[in-house]
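Q: Before we turn to details, could you take me through how the features of a model such as this one are read, beginning with its secondary structure?

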Amino acid sequence: MSRCLRPLDPIDAEAVASGAEPVLAPDAAEHAAVCPACGDLVGQARDLDRALGDLSGALPPLSGLAERVTRLRGFSRRERRTYALWKAPVLLAGAIGVAGLTLLLLPSLSAGEPARVGATALVPILAFARSLARWFPDFARVTPYGLEALSDALRQERALGLVSLLLLLPAGFGVTRVFGRARSRR
């Protein structure tokens with residue numbers, strides 16, 4: 001068998017085998033008719049298609065499989081709030097939390113170690129709470145300086161200032177739409 005100088009792409013071979021329009025080479029059917037190597041490739045694709053067709057007819061379809069696998073629409077607001085949908089993830093997260101606490105407070109440690117391990121576990125939580133408490137005053141203190149620096153930058157680069165002002169228009173429009181929808185839902 002001679003090798004083809006312009007072999008067909010497997011996608012085109014499958015398209016020619018099924019009688020569909022080739023994707024990559026518009027003349028794939030004509031080429032496969034004159035080229036023995038590409039004709040064999042189309043024949044293999046045709047044989048595979050027949051074999052898969054025979055397999056799919058051998059078993060009866062499962063009832064309700066499409067409904068269980070495919071969801072044609074997104075979850076509604078009521079469905080998203082339903083506990084039945086979130087029961088498994090909530091229970092899994094709770095079980096992981098309880099297992100973690102159990103491992104931290106295992107009695108197999110000596111008498112003083114569980115307290116140290118428990119206190120060590122609380123350190124990141126306390127540090128996060130402390131950083132949140134410091135964030136608000138720091139943000140209030142830094143905001144005027146940040147706005148002043150932004151104002152200076154926009155004054156120096158007039159084009160950037162003009163573009164940023166123009167970008168405020170769609171942002172403002174979007175915010176008004178969000179607030180309008182929020183009011184209409186009440």
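Q: How many helices and how many strands does the protein chain have, and in what order do the elements run?
A: Helices (H or I, at least four residues) and strands (E, at least two) are taken as DSSP runs and numbered from the N terminus. On that basis the protein chain has eight helices and zero strands, and its elements run α-α-α-α-α-α-α-α from the N terminus on. This is a predicted model, in which local features need pLDDT of at least 70 and side-chain atom pairs count only at pLDDT 80 or more, whereas totals for chains, interfaces and linings use all residues. Residues are numbered from 1 along each chain as its sequence is written, and side-chain values use heavy atoms, with hydrogens and water left out.

Q: What percentage of the protein chain counts as buried, and what area does the chain expose?
A: A residue is called buried under 20% relative accessible area, exposed over 50%, and partly exposed in between (1.4 Å probe, protein chains only). Of the 186 residues of the protein chain, 11% count as buried. Accessible areas come from the Shrake-Rupley method with a 1.4 Å probe, and for residues only the protein chains shown count as cover; the protein chain exposes about 15600 Å², of which carbon and sulfur atoms supply 68%.

Q: Which residues make up the largest nonpolar core?
A: A nonpolar core is a set of buried Ala, Val, Leu, Ile, Met, Phe, Trp, Tyr and Cys residues joined through side-chain atoms within 4.5 Å. The largest one here has 12 residues, namely Cys4, Leu8, Ala13, Val16, Ala17, Ala25, Ala28, Ala32, Cys35, Cys38, Val42 and Ala45. The elements that give two or more residues to this core are helix H1 (10-18), helix H2 (28-34) and helix H3 (36-58).

Q: How far apart are the end C-alpha atoms of helix H6, and where does H6 bend?
A: The expected span of a helix is 1.5 Å times one less than its number of residues. The 22 residues of helix H6 (residues 83-104) should therefore span 32 Å, and the end C-alpha atoms of H6 are 30 Å apart, which agrees. A bend at a residue is the angle between axes fitted to the seven residues ending there and the seven starting there, and H6 bends by about 30° at Pro89.

Q: Why is the pair of Trp135 and Phe136 edge-to-face?
A: Rings of Phe, Tyr and Trp (its six-membered ring) pair if their centres lie within 6.5 Å, and planes under 30 degrees apart count as stacked, over 60 as edge-to-face and the rest as tilted. By this rule the count comes to two aromatic pairs. The rings of Trp135 and Phe136 have their centres 5.0 Å apart and their planes at 80°, so the pair is edge-to-face. Trp135 and Phe139 form a stacked pair, 5.0 Å centre to centre with 15° between the planes. Being four residues apart in helix H7 (residues 113-156), Trp135 and Phe139 are separated by about one helical turn.

Q: Which residues is Leu154 in contact with?
A: Leu154, which is found in helix H7, is in contact with Leu160, Gly161 and Ser164, leaving aside its neighbours within four places in sequence. At 26% relative accessibility, Leu154 counts as partly exposed.

How values were computed. Contact means heavy atoms within 4.5 Å.
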